[in-house]
Amino acid sequence: MTATTTVAEGAPRREQGGGHHGGRPAPDPWRSRLCRWDLRYSPYAFVAPFFLFFTVFGLFPLLYTGWASLHRIELTSPGRTEWVGLHNYARLLGNEFFWNALRNTATIGVLSTVPQLLMALGLAHLLHYRLRAATFWRVALLTPYATSVAAATLVFVLLYGRDYGMVNWALRGVGIGPVDWQSGTWSSQIAVSSIVIWRWTGYNALIYLAAMRAVPDDLYEAAALDGASRARQFRHVTLPALRPTVLFTVVVSTIGATQLFGEPLLFGGAGGQKGGASRQFQTLGLYLYEQGWFNFHLGRACAVAWSMFLILLLIAAVNALLARRLRQDR
Amino acid sequence: MTATVPARRRPGLARAGRQLHAGPFAYAVLALFTAGSLFPLVWTAVAASRDDTRLARTPPPLWFGGNLPANLARAWGEAGMGLALANTVLVAGTIALGTVLFCTVAGFAFAKLRFRFRGALLLLTVGTMMVPPQLSVVPLFMVIARLGWTDHLQAVVLPTLVSAFGVFFMRQFLVEALPGELVEAARMDGASSWRLVWHVVFPVARPAMAVLGMLSFVQAWNDFFWPVVALTQENPTVQVALTGLGRGYVPDQAVIMAGALLGTLPLLLAFTFFGKQIVGGIMRGAVKG
Amino acid sequence: MTPGYRARPRRRAVFLAVAAVLVLGAALLGGCARGDGGRGRTTVTIGTFGVFGYQQAGLYREYERLHPDVAVKESVIERNDAYYPQLLTHLAAGSGLLDIQAVEVGDIHELATAQGGLFEDLSAAKGVHRRDWLPWKWEQATTRDGRTIGLGTDIGPIAMCYRKDLFRRAGLPTAREAVGRLWAGDWRKYLTTGLAYKKRAPAGTVFTDSAAGIYNASVHGYAERYYDRRSRPIWSNSPAVRASWELAVRAARDGLTARLKQFEKPWDQAYANGRFATVACPPWMLGYIKEKSGPAGKDKWDVAPAPRPANWGGSFITVPKAARHKAAAVDLAVWLTAPAQQARLFERQASIPSTPASYAMPEVRDAHNPYFGGAPTGAIFAAAARAVPTLVYGPKEQQIGGAFTDVGIPQVEQQGKPPGAGWRAAQQEIENAVDE
């Protein structure tokens, strides 16, 4: 049936060496049937626990949300549901707030992901040197990752205060006027991104570092013998070897950026779900939350959720396409 | 490694390999980033050691004041931190262990075994990673309510006991790290699938399992959105307890910061004491694509 | 031998891991059988947003003394915008509800109209006398078919808190009667005072905290604001909204405000720094001002009547039908909201009772606030409470109010947009929120 089966059944049995596992009886039909069953069904048993939990706590909510997105459901009167077809989706497409949230999600996503991964790459490069107290640097850079979104955002909100925050105090010291971090479009998006960057840069740096260390030394040696400079080595040896890792981090970061929620919510304080007075930092996650949990339009919130899901699938498809193209080019 | 370096290497030739010592510039940049990483945490402690009025003044406090014990005590009492910490250890520990076990076997099946619908099921798994977590809350809560689990810890544990990311992560790791020959050799020895998992997969997957366990633990520890809906202050996790903090008469910033510190401290301590192992785990278990 | 077949010690590690999962799981299930307060007592649970003060005023302890078979347990979520959605989720699922659930005034109408059937009718409960409550307070929690789902706790009649020291330095009167006369009867006079203050303002200070605060204080003095008495939407043209919007925008454009968002950290910090001279204050805000201004603010603050009577905020307590201990919960709810207990709560928490009988009780009548220069806060707020018109509430009250205070006004005040743009944004916001 499958390759593995063929191997197990068709391959001649090896002679047992020292009888380490006890003598094996001659192939008997019952045993071989057991063996076949094992081969055929074990994989399902392996994935079963995951899919069991996933079905109850993941798939059901997902499908229910899909169903709900085709209905008018209000959290204030959840007993009343009314079929509205694609109305919720049509309404989204014509809604300025939705597009605004989509735009913000994209810009904050770029603002947080690109510097984060670039800095991580640079840091990994530095960490790859022979360093004194190597472990200290690595652990120290990883600590922000241990901080919860809530705790981290709490601190950053204080630091970014307009009138009494430390950032503005420091900026005033170098002659830059106070920045209203929350009210400005760019300033607020930069502030929110900085929280994301702070939490994740060190973690990504370690992942890149691991990948760099897996690059065989002789590749560098060959390049060095060819007279390649350090920068050229980085471009022509390190980066290509890192490509799969970079791809992985890009995928994970993109998913994280699309779902960005806690940081802007808490950064906005009371009414944070709006993402500022002009929705200047409202992400899709916040828009969903606002629709569902503040305006109580559950059906519409579900439509936002499914739209996010579809957007991510689209990104994934494009990503896969690009990856394949890259592989072919190579 | 060093032994294999050919002797004829010209001295001083630029080599991006690890053997190169870091220069002062590298140290300076690392120091800068380290300071940036640590500063917000240190400042949380500074703020927690002051009082509310002092935090309102400019220039902001840059060094510790004397109120840390008092603020920590208030935060501990107001938020019911003792129960919250015990609950969180239980919740995060169970989730981490469950995730590691279930995701490793599932990841192994996806990586090395052939079965019908494998591709479709894997796609489904990866697809779930893209479902925004805010979305499932209402239906999920309906399930939990139907089971009569609101305000019980299993309401927080079970929905996150497996993760699509974990399966994907383990699969990616095992595809590379577990040589097909090893599996086939074990098969030819007549090992059943379960023995195979036990004796071949788990040993090979160990570094990745350690990383996944650490990631799941940290994530479960810091999870906030779902626990706030599913639990109440009566039986909270740390993050839930923190939402009730500063409810004293008027929210007191210094006490809130002390609470944030209390909630983060156990993980920070773990990172300090086991930093080497954690970092080592990430280095060995990181997904190579 | 096949490589990979060594691992005895690892086997033990994995075994330990599996065992740990099982043990933890068992502990988890075992830990779920929570008792009912222990010692055969009924534990009545009560959920509130922010501090209601029952605990602090010792009311639970006293109730437990009166009812030895009952234990009371309070669960607090700091902010209503986290509390209310959770309550709705629990109502929708019919599970997770506490025995008593507090509800904010802006939400009670919505619950009474859409989900009134999910709550106990408290009008018929033993010991409840409708005439104890201010009529408008009682109305707000009553469904169309005459069931009352919530008992009124506190209300929020508005006064004006001001800094005597700053007023003096700006050449304005400082005695509370004289200050009240500056703007009596008309919010526009309040702005005129603000302009006078601005001319001679002490360095680094402004007249008031936030334009949205002025809007709230003004708009809640009108009976019909967002809906008229026949529940028709009037948020785009009601005199209440128009006048209050004009006031707020003028205050912002004239630079009379500190451009702060109320109840946010910078607002707190501005108190400590003495940054503004006046703030419209419901009674529950006095404690906040005291705490945030710190010892340095003692005897600097005082309380004068607001330009026009208004009510901002206040709450109810309800008993959901899905509550575990309904009878005990109703009993406790009735006791907590009785005039005597409301009067005691005022003493501790400065929450003005919704039961006028309390106003004559010494706890309210004779109350003076030492921090606010010994101001007779009981008399001031009780007088304000009596003059408050019967406010008409409608669905999505919070969202509509928020469209003005969190969107329209801050756009003008903090982001410097023209008033027309702010107004349009607020209206668009409302349409988005109410459109079903």
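**View 1. Strand 5 and strand 7 of chain C run side by side in opposite directions.** Start with this pair: strand 5 (residues 159-163) of chain C is joined by four bridges to strand 7 (residues 276-281) of chain C, and the two are antiparallel. To find your way, look for Ala159(C), which stands opposite Cys281(C) in strand 7 of chain C. Helix 12 (residues 284-293) of chain C packs on the sheet here, where it touches strand 5, strand 7 and strand 8 of chain C. The direction of helix 12 makes about 155 degrees with that of strand 7 of chain C. Please keep in mind, here and in every view below, that this is a predicted model.

**View 2. Four strands of chain C make an open sheet.** From one strand to the next, the twist averages 20 degrees. Now look for helix 11 (residues 265-272) of chain C, lying across strand 7 and strand 8 of chain C. Helix 11 runs at about 125 degrees to strand 7 of chain C.

**View 3. Another open sheet in chain C is built from six strands.** The order is 2-1-3-9-4-10, again with mixed pairing. Which strands sit at the edges? They are strand 2 (70-77) and strand 10 (352-353) of chain C, and each has pairing on one side only. Strand 10 of chain C pairs with strand 4 (residues 150-157) of chain C in the antiparallel sense, over two bridges. A handy landmark is Ile155(C), which stands opposite Ile352(C) in strand 10 of chain C. Over at strand 2, helix 2 (residues 59-66) of chain C lies across strand 1 (42-49) and strand 2 of chain C. That helix runs at about 160 degrees to strand 2 of chain C.

**View 4. Chain A meets chain B through 99 residues of chain A and 109 residues of chain B.** The area buried between these two chains is about 10100 Å², and carbon and sulfur atoms give 76% of that area. Which helix of chain A gives the most to the side that touches chain B? Helix 2 (residues 29-68) of chain A does, with 20 residues. Sorted by class, this side of chain A has 71 nonpolar, 16 polar and 12 charged residues. Between chain A and chain B there are five residue pairs in polar contact, counting pairs with both residues at pLDDT 80 or more. How many salt bridges cross this interface? The count is zero.

**View 5. A salt bridge links Arg91(A) with Asp435(C).** Side chains of opposite charge can pair when their charged atoms come close. In this pair, the closest N and O atoms are 2.7 Å apart. Arg91(A) belongs to helix 3 (residues 87-93) of chain A, while Asp435(C) lies in the segment after helix 18 (419-434) of chain C, and the pair crosses between chains. Over all chains, the count comes to 25 salt bridges.

Methods: Residues are numbered from 1 along each chain as its sequence is written. Chains are lettered from A and ligands numbered from 1 in the order in which they are written. This is a predicted model: local features need pLDDT of at least 70, side-chain atom pairs count only at pLDDT 80 or more; totals for chains, interfaces and linings use all residues. Side-chain values use heavy atoms; hydrogens and water are left out. Contact means heavy atoms within 4.5 Å. Buried area is the accessible area (1.4 Å probe) that two parts lose on being put together, summed over both. A salt bridge is a side-chain nitrogen of Lys or Arg within 4 Å of a carboxyl oxygen of Asp or Glu. A polar contact is a pair of N or O atoms within 3.5 Å; within protein, one must be able to donate a hydrogen and the other to accept it, and residues adjacent in sequence count only if both atoms are side-chain atoms. Ala, Val, Leu, Ile, Met, Phe, Trp, Tyr, Cys and Pro count as nonpolar, Asp, Glu, Lys and Arg as charged, and the others, Gly among them, as polar. Two strands pair if DSSP finds at least two bridges between them. Axes are lines fitted to C-alpha atoms, for helices over the stretch in contact, and angles run from 0 to 180 degrees between N-to-C directions.
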